[in-house]
Amino acid sequence: MDHLNRLHELFRQFPGIGPRQAKRFVYFLLGTTDGFRNTLAKEITELASRVTLCVSCFRFFDRKNSKASLCSVCSDDSRDVISLMLVARDVDLDAVEKSKVYNGYYFVLGNQLSLIEPEPESKIRTKELTRIIEKRVKDGLKEIILALSLNSEGEHTREFVEGIISPLVKKHSLKVSILGRGLSTGTELEYSDTETIKNALDGRKEEVIM
Ligand SMILES: [Zn+2]
């Protein structure tokens with residue numbers, strides 16, 4: 001395979017990128033400067049060494065020093081210990097954090113589940129989630145907020161996660177709530193604005209866990 005095709009195949013593996021878009025990326029790069037391509041290559045190379053997974057919320061963060069293991073949210077003692085918000089992906093956490101309407105802690109599940117997912121356990125950080133909930137309970141956790149998108153995948157993910165956390169919720173008498181209808185049906189949290197996220201959080205309703 002020649003260089004053009006190799007790069008084309010790599011771009012095709014990106015989420016949501018088809019063969020034509022992948023080809024456009026390749027030709028875009030060919031039309032840019034050496035400086036741009038070198039910067040891009042350098043940033044990609046350094047991604048793994050500079051960005052790491054937070055050991056508490058499991059989001060990716062840029063560590064300022066090589067010893068940091070907690071992201072800026074998890075290392076902030078002024079956050080409210082009583083609530084833990086579960087989101088599907090980093091982009092959802094970023095959206096809520098940017099809105100500045102929530103002051104508790106987070107946990108990134110890792111994925112949304114499709115309705116036909118054969119191995120949901122491999123897509124969602126279930127072991128890490130139960131471990132973190134146990135730890136946060138000791139610090140004063142009272143409420144788990146399920147902040148999942150209001151589409152079929154979000155619903156499916158919510159049901160699966162409720163099954164996982166159910167024993168802990170009962171054991172520690174935790175409150176579980178889901179975001180209210182401030183988010184309209186089909187809405188992706190990722191694309192929601194501050195006002196929408198605020199309404200959804202204010203209007204969250206308690207979920208009865210079986
Ligand atoms: Zn964190």
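Axes here are lines fitted to C-alpha atoms, for helices over the stretch in contact, with angles running from 0 to 180 degrees between N-to-C directions. Helices (H or I, at least four residues) and strands (E, at least two) are DSSP runs numbered from the N terminus. Please keep in mind that this is a predicted model, in which local features need pLDDT of at least 70 and side-chain atom pairs count only at pLDDT 80 or more, while totals for chains, interfaces and linings use all residues. Residues are numbered from 1 along each chain as its sequence is written.

**The sheet**

Let us start with the five strands, which form an open sheet in the order S4-S3-S5-S6-S7 with mixed pairing; two strands pair if DSSP finds at least two bridges between them. Strand S4 (105–108) and strand S7 (205–206) are the edge strands, each pairing on one side only. Strand S6 (residues 175–178) runs antiparallel to S7 and is joined to S7 by two bridges. In S7, Glu206 is the bridge partner of Ser177.

**Helices across the sheet**

| Helix | Lies across | Axis angle |
|---|---|---|
| H4 (residues 90–99) | S3 (83–87), S4, S5 (143–147) | about 130° to S3 |
| H7 (residues 152–171) | S3, S5, S6 | about 175° to S5 |

**A closer look at H4**

The buried residues of H4 are Asp92, Leu93, Ala95 and Val96, where buried means that 20 or more other C-beta atoms, placed from the backbone, lie within 10 Å of the residue's own. They cover an arc of only 160° around the axis, which puts them on the same side of H4; the arc is that of the directions from the helix axis to the C-beta atoms. Their cover includes S3, S4, S5 and helix H8 (194–202). Lys100 follows H4 and has a positive phi, near 55°.

The axes of H4 and H8 come within 9 Å and cross at roughly 95°. H4 and H8 are therefore roughly perpendicular to each other, a term for angles of 65 to 115 degrees. Ala95, Val96 and Ser99 of H4 make the contact with Thr194, Ile197 and Lys198 of H8; contact requires C-beta atoms, placed from the backbone, within 7 Å.

**The core**

The largest nonpolar core has 37 residues, and Cys57, Leu86, Val87, Phe107 and Ala147 have the most contacts inside it. Such a core is a set of buried Ala, Val, Leu, Ile, Met, Phe, Trp, Tyr and Cys residues joined through C-beta atoms within 7 Å. S3, H4, S4, helix H6 (126–139), S5 and H8 each supply at least two of its residues. Not counting residues up to four places away in sequence, Val87 touches several residues, including Leu93, Val96 and Ala147.

How values were computed. Contact = placed C-beta atoms within 7 Å. Buried ≥ 20, exposed ≤ 12 C-beta atoms within 10 Å, placed from the backbone. Parallel < 35°, antiparallel > 145°, perpendicular 65-115°, else oblique.
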